[in-house]
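Let's take a walk through this model together, starting from the overall fold and then stopping at a handful of individual residues. Have the viewer open as you read.

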Amino acid sequence: MTSVAERHKTFERLHESGCFVLPNPWDAGSARVMAASGAKALATTSAGHAFTLGRPDGGTVTRDEALSHAQDLLAATPLPLSGDFENGFGDTPEDVAETVRRAGEIGLSGCSIEDTIMGSEPSAYQFEFALERVEAGVAAARALNRPFIFCARTDGIMNGVYDTDEAIRRLKAFENAGADLLYAPLPPSMVALQLIVKSVTKPVNALVAGDFRQFQLKDFAAIGVRRCSLGSSIARLTHHHIVAATRGMCQDGDFSALENTASGDMIDEMLRQGADD
């Protein structure tokens, strides 16, 4: 059985060289299937988790709910797990620090914090305040006295709040503040992503969604990306098939989508394997 300390060290090593995929399960079953399918580490997905609760994405899950969910995923596999914790479940630096502290307490190997102000309209914290939040998160991560990958995100680039130049300005400041991993989700192009990678020295995470789905892992590795996360992509892929199959059956009486189901025996074996690997 993999110890908690070994999980943390493994996660740290994954960020030291190469480029790896970080899938995002939304329940224990999907976590075990991903583990059995070759994942080296996992991360929660805020949207995927919200979907399981019958809620939309974006600030609808509480800190306690997210941490409890993360504990369930930690128990499901021996793989390192990182938490997708939106804006840290509060606006203040103290909120961020509390989220990081509690993430460390339950055994997570890292977490990501956005510079997004949760609300109906996309917005981001002002530069200086966003930096204060990252500084608080870094301090809490270091206080754990063990490997913990603190990922600082500049989600304003994805939400159309600011451009690539501003994302780079923030990432550089977050790097200087001590963030272990930097993340500007969905820049305008692969060229912009490469510019982001070259602008900092710490590892960079890329979100494989939108136009970036056309690329392969080797393409991200070639420009220096260290980690490729999937966010809610696999959860939304699953929901795509749920919608398509259910509409076909309930609206058109067409059951042909059921021809593409996975073998029950295969899933049973993967669930057993994912728990033990």
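The protein chain has 11 helices and 8 strands; here helices (H or I, at least four residues) and strands (E, at least two) are DSSP runs, numbered from the N terminus. The radius of gyration of the protein chain is 19 Å, close to the 19 Å that the globule rule gives for 277 residues, so the chain is as compact as a globular protein of that length. For that comparison, the radius is taken over C-alpha atoms, and the globule rule is 2.2 Å times the number of residues to the power 0.38. Before going further, please keep in mind that this is a predicted model, in which local features need pLDDT of at least 70 and side-chain atom pairs count only at pLDDT 80 or more, while totals for chains, interfaces and linings use all residues. Residues are numbered from 1 along each chain as its sequence is written, and side-chain values use heavy atoms, with hydrogens and water left out.

Now for the overall dimensions. Along its principal axes, the C-alpha trace of the protein chain spans about 55 × 40 × 35 Å. The accessible surface comes to about 12900 Å², and 52% of that belongs to carbon and sulfur atoms; these areas come from the Shrake-Rupley method with a 1.4 Å probe, and for residues only the protein chains shown count as cover. Of the 277 residues in the protein chain, 49% are buried, where buried means under 20% relative accessible area, exposed over 50%, and partly exposed in between (1.4 Å probe, protein chains only). Among the contacts in the protein chain with a separation of 6 or more, 69% are between residues 24 or more positions apart; a contact means heavy atoms within 4.5 Å.

Ala-28 sits in helix 2 (residues 28-36) and is partly exposed, with a relative accessible area of 34%. Setting aside neighbours within four places in sequence, Ala-28 is in contact with Leu-73 and Ala-76. Ala-28 and Ala-70 are 42 residues apart in sequence, and their C-alpha atoms are 9.6 Å apart in space.

Ala-139, in helix 6 (residues 127-142), is also a partly exposed residue, at 47% relative accessibility. The C-alpha atoms of Ala-139 and Ser-229, 90 residues apart along the chain, are separated by 25 Å.

Thr-164 belongs to helix 7 (residues 164-176). What does Thr-164 touch, leaving aside its neighbours within four places in sequence? The partners are Ile-157, Pro-188, Ala-192 and Ile-196. Thr-164 is buried, with a relative accessible area of 13%.

The N-terminal end of helix 11 is capped by Ser-263, with a side-chain oxygen 3.2 Å from the backbone nitrogen of Asp-265.

The loops deserve a stop too. Phe-89, in the loop between strand 3 (81-84) and helix 5 (93-105), has a positive phi of about 65 degrees although it is not a glycine. Is Phe-89 buried or exposed? With a relative accessible area of 18%, Phe-89 is buried. Leu-186, in the loop between strand 6 (181-183) and helix 8, has a positive phi of about 55 degrees and is not a glycine either. Leu-186 is partly exposed, at 25% relative accessible area.

Lys-202 lies in the loop between helix 8 (190-199) and strand 7 (204-207), and is partly exposed, with a relative accessible area of 28%. Beyond its neighbours within four places in sequence, its contacts are Glu-175, Gly-178, Ala-179, Asp-180 and Leu-182. A polar atom of the Lys-202 side chain lies 2.8 Å from the backbone oxygen of Ala-179.

Finally, the cysteines. A search of the whole structure finds 0 disulfides, a disulfide being a pair of cysteine sulfur atoms within 2.5 Å. Cys-111 is in no disulfide, and the nearest cysteine sulfur, that of Cys-151, is 8.5 Å away. Cys-111 is buried, at 0% relative accessibility. The sulfur of Cys-228 is 4.0 Å from the closest cysteine sulfur, in Cys-19, which is too far for a bond. Cys-228 also counts as buried, at 2% relative accessibility.

Terms used
Polar contact = N/O pair within 3.5 Å; in protein donor to acceptor, adjacent residues only side chain to side chain.
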